[in-house]
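Opening the notebook on this one.

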Amino acid sequence: MNIESTFDVVATVFNIIAWSGILFWVYRVYKKQIIKPEIWKMLIVMIVGLFSFSIKFNLFQSIINIPILPLGVWILYFILKPREESWQKYRSFAWVGFWANFIFLAATLLTLPIHYLIYPNDKLSTYISNIEHAAIVTIHPSGNGQPLVKDDLLNQLETMEKQKINSSEWYQDIVINSDTNERNERFPYQLVGTFPKWGSGLHSIIYIEEDGKGILVSTPKEQLYFRSEMSLIERVE
Amino acid sequence: MKKKSFLMTGIAVAVILFAMIYWFEFSEPNPFPPIEQLLEEINNSYPEVTAKLIQDTSFVDERHVVVPFISNENMYGLSYWVWKNHEWQIAEIDTSGIPRLFKANKNNPSSYYFVWNIHPGDALGSIEFYFVRDRNFYVSDNIHTYSPKIQMMKEVSLKDKSYGVMQLPEEWVTIIEEFSKSQLANKPSPSFQHFFPDQSMYFGWIPYDEMKRESYPELSSNGGGFSTGDDVELEHVMIFNRVDVEYLK
């Protein structure tokens, strides 16, 4: 399996930035504190402090976590409180852990628009940027033989227009008023071996329509449908 | 000085131990046992049948072998052997010979094999193997998703021999791999999963007689077996009816 096509560079970069920021913050607090804690204990306290009750909701098909209750801090409080001295020593790091959740929240909120700017999700070139090893697999017997990918497929993709998916209609058209034995599939081909734009992490499943003029992109988050004037595939007789 | 030699002994013991474990686990398997020994082991581990004839030994890879056999009770069965703990062991015996999907390595679909041993009394002429995902759609808050039907077929003739081992066709492997790759990328949140209808793929088969009419292999379907555990992964292959297959021409 190729890791490259599933690697999300924007999310990775912001994750690294977020963690660096948190570690720097821990370092600053450590410097300021007069009674020094043990470093490994301090890091564990910080990580336990991360644990929180949070509200999750979906924003543009991504999960946003808003931390509400500092559960980790409370747990540490109950463990360390009996020894007053160690609670004083480690308290600030537990709170750094809790507030670090907001750094991750900020990182996610920045990742979304930046990812969108670099990899617009309504552009086909985001999902198909390299067709060197592309091939077409006929996934349904109503598909016609073994079509070939056209050499200028990438140029043609640029001109394709996004259109509405009428999934229920498509489904009914095929299933209603037809014997099982006579059903044609609307998307009997799959385009395989392509790569998404580098670093987008958007490896998707790409179906091609019966007439060769439509593409249905299926990411784990959403589906997009594009149409073109001309057929994208060549038929071999 | 004493401390140093103590350390050296420790390292030497660790290296030897490691080498032994490595040899035990990863060395090349021994030659496969001779026929008499195979028969004996099958009969010892599953006394309900008496195997009398080994039809073939099919190496799926260097550590997995499928051995079809015939029993005194006139059953056509299959035994699955693995190289484990530095010896050849029976992982599973099945006295019914209808097709199953054998996964040598669960994570690698190109290591999946259809395996069958059809009773000659069933007089089958061919088998069609199918790879299917059902057509589906989902609409929620004006967001539409649609999954096309996948239906791919591979026909196998039983005229020359009624048993066999067949690797999953390359194109099927490609489709499965593309799917798991896209699942790997950008893991959707659980609350999103419901936007997508069921995307599970499954395998099926249609048995035909020599005149290419659908025919149910009664004799091959009877039987039992045993399994030693999780050593081999065998998946049930659904029997399809021709009326359920799309676009018959």
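I started with one pair: B:Ser126 has B:Ser157 as its bridge partner in S11(B). Before going on, I noted the ground rules. This is a predicted model, where local features need pLDDT of at least 70, side-chain atom pairs count only at pLDDT 80 or more, and totals for chains, interfaces and linings use all residues. Residues are numbered from 1 along each chain as its sequence is written, while chains are lettered from A and ligands numbered from 1 in the order in which they are written.

Next, the strands behind that pair. Strand S8 (residues 124–133) of chain B runs antiparallel to S11(B), with 8 bridges between them. For me, strands are DSSP runs of E, at least two residues, numbered from the N terminus, and two of them pair if DSSP finds at least two bridges between them.

S9(B) and S10(B) form it with 2 residues between them, and B:Asp141 in the turn has a positive phi of about 50°. Strand S9 (residues 136–140) and strand S10 (residues 143–147) of chain B are antiparallel and share 5 bridges; B:Val139 sits opposite B:His144 in S10(B).

Last, chain A. I have domain 1 (4–118) and domain 2 (124–234) there, with bounds from an automatic or database domain assignment. Their centres, taken over C-alpha atoms, are 42 Å apart.

Terms used. Helices (H or I, at least four residues) and strands (E, at least two) are DSSP runs, numbered from the N terminus.
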